[in-house]
Amino acid sequence: MKRRELLKAALALPLLPALMRNAQAMPAALAGAVRARLRPGQPGWPAPAEWEALKRAVGGRLLKPVSPFAGGPGTAAYVEAVEQLKNPFALGDDPALTQTSGWADAWTSRPSAYAVAAESAADVAAAVTFARQHRLRLVVKGGGHSYQGTSEAPDSLLVWPRRMNKVTLHEGFVPSGGEGKVTPLPAVSVGAGAMWIDVYHAVTTLGGRYVQGGGCTTVGVAGLVQSGGFGSFSKGFGTAASNLLEAEVVTADGAVLTVSEHAHPELFWGLKGGGGGSLGAVTRLTLRTFELPPFFGAVFGTIQASSDQAYRALVARAMAFYREALFNRHWGEQMTFAPDNTLSINMVFQGLTQAQAEQAWKPFFDWVRAHDEYSFAEAPRTLALPAQHFWDADFFRQHAPQLMVNDDRPGAPSYHMVWTGDRGQVGWFIHAYQSAWMPAALLAPGLQSALADALFAASRRHDFALHFNKGMAGGEPSAIARTRDTAMNPQVADAFALAICADGSGPAFPGLREADLAQARGDAAAVAGAMDALRLVAPHAGSYVSESDYFLRDWQRGFWGSNYARLLRAKRRYDPDGLFVVHHGVGSEGWSADGFTRVD
């Protein structure tokens, strides 16, 4: 952090005393002082001269975001935006847009009134202080993937750290306050505006090491870590949050804190899975890195059953096989179950050779071939590659260009690529999205039949997938232990998979097209029916905060379980007046759904 920039911001926008941050509790009159946030045009909304003062404080980086679709189909901005509509990098580079365009009957992506294109923690502190002093709705957008709409809010001031994307490798890192107490670890420090492809390129492709991040390359690093953060190989390496060593964060009083398990430990713990945008604005994170396995690989295939009865037997055999051969640290990703009686396999592995992976799957595929009721709609394939090339765009351009899509804009980094299979979610409009952690106890021989019945019944209503890498049970013991020491729902450590059922349509940004709400509501009913069938065998299942139902009622328990009370204490200490409010975020029950009015 540049001291000169921080002093400049501090002089332009006086900060509240640091004592405010450290108080365990605020006087009731002060804590309740802000009863409503202001909107443009209301008395008290900052005057032009005050916005100009903020602009000077952040080096001229104050923007007024305007949607490229606002001017209509005939404008150059509209035409260019349509051309780049399936390019997630382009969407992320526009402060007026988000990677998710909305959710039926829930929210629609709309630009903020103003945005600070932050390039330093001082810029973020200036924005936070300005919002607090002028009673503004504040929102933070990293990657903009949020399904729940937490990275957008109309009439707000946006903190947009896209340019804060520096990635720095460390051979031996000691977190703040840990000097002389802990052994230095290999690590990587990442700015809050970086995407995971930026990190994978630096750590793996160039550095030959591994960092646990997200599966989609354009997901924001800071948002993923704060939500918990799963990647394809989480069973081997833990969640992203479990590998956080240190974070720099701007708190509601405008202070820039460096937090770790040794410095501000409660805030640090809350950032590890407590949900993005609730406790502060993260500006930098430092994550541990690992020795890179020799190989990463994948197994693909689709099996078609000839009847419902045969499909029920296939589902049962798949679950028994998973328990016997794949319930370990090596395997991740998913199996998809569908109403057309297909079972699609999209699994990945680490720490195995191609021959070892093929041998692991041989009993299952032999069983399928031995029964006339089944055929392969997609023949099984096993692929392995040197792990250092797993996110290497040049390697894929040469050997498997069909698996990736480039950011083809002039001047874009050559390593910016997205998996072809992830393009469907670029700008998508959600009709429904639900998830549930499936307890590992269901894999026990005595309960496998009930599990198979539930999976089969759910597949009659809607297709869904079991994401095995999003449940830590069966994984590396040290990774499970680190994950237990996060704010996530403790169920994650005892779940063998996260069941996800969702539906949606193409981008529906305002000015581009209207969503078909009748279709969306029908899809939502089918998704609800499928998940109800699964919850018959997992009635108390929690949900993953980043991939969950917008309308979840008991979200505090669902997202965080027994950890919610501790999170709420941290919230009251570091943000007693609720400056950081997001939908179904810690402490949001005290605010209206739009985050503008106190209701407690």
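Student: Does Cys501 count as buried or exposed?

Tutor: Cys501 counts as buried because its relative accessibility is 0%; buried means under 20% relative accessible area, exposed over 50%, and partly exposed in between, with a 1.4 Å probe and protein chains only. This is a predicted model, in which local features need pLDDT of at least 70 and side-chain atom pairs count only at pLDDT 80 or more, while totals for chains, interfaces and linings use all residues. Residues are numbered from 1 along each chain as its sequence is written, and side-chain values use heavy atoms, leaving out hydrogens and water.

Student: How many disulfides does the structure hold?

Tutor: A disulfide is a covalent bond between the sulfur atoms of two cysteines. Here the criterion is a pair of cysteine sulfur atoms within 2.5 Å, and the structure holds zero.

Student: Let's turn to helix 7. What span does it reach?

Tutor: Helices are DSSP runs of H or I with at least four residues, numbered from the N terminus. Helix 7 covers residues 121-133, 13 residues in total, and reaches 18 Å from its first C-alpha to its last. That is close to the 18 Å expected at 1.5 Å a residue, where the expected span is 1.5 Å times one less than the number of residues.

Student: How many residues of helix 7 are buried?

Tutor: Helix 7 is mostly covered, with 12 of its 13 residues buried. Among them are Asp123, Thr129, Phe130 and Arg132. After the helix comes Arg135, with a positive phi near 55 degrees.

Student: How many cavities of 30 Å³ or more are there?

Tutor: Rolling a probe the size of a water molecule over the atoms shows where empty space is left. The search of the whole structure gives three cavities of 30 Å³ or more; a cavity is a set of points, on a 1 Å grid over the protein atoms alone, where a 1.4 Å probe fits but cannot get out, and lining residues have an atom within 4 Å of a point.

Student: What lines the largest cavity?

Tutor: The largest cavity has a volume of about 60 Å³. Its lining includes Leu138, Thr150, Gly277 and Phe580.

Student: And which residues line the second largest cavity?

Tutor: That cavity has a volume of about 50 Å³. Arg110, Lys141 and Glu152 are among its lining residues.

Methods: Helices (H or I, at least four residues) and strands (E, at least two) are DSSP runs, numbered from the N terminus. On a 1 Å grid over the protein atoms alone, a cavity is a set of points where a 1.4 Å probe fits but cannot get out, and a pocket is an open set with protein on both sides within 12 Å along at least five of seven lines; lining residues have an atom within 4 Å of a point. Grid points are joined across faces, edges and corners, and a volume is the space filled by probe spheres set on the points.
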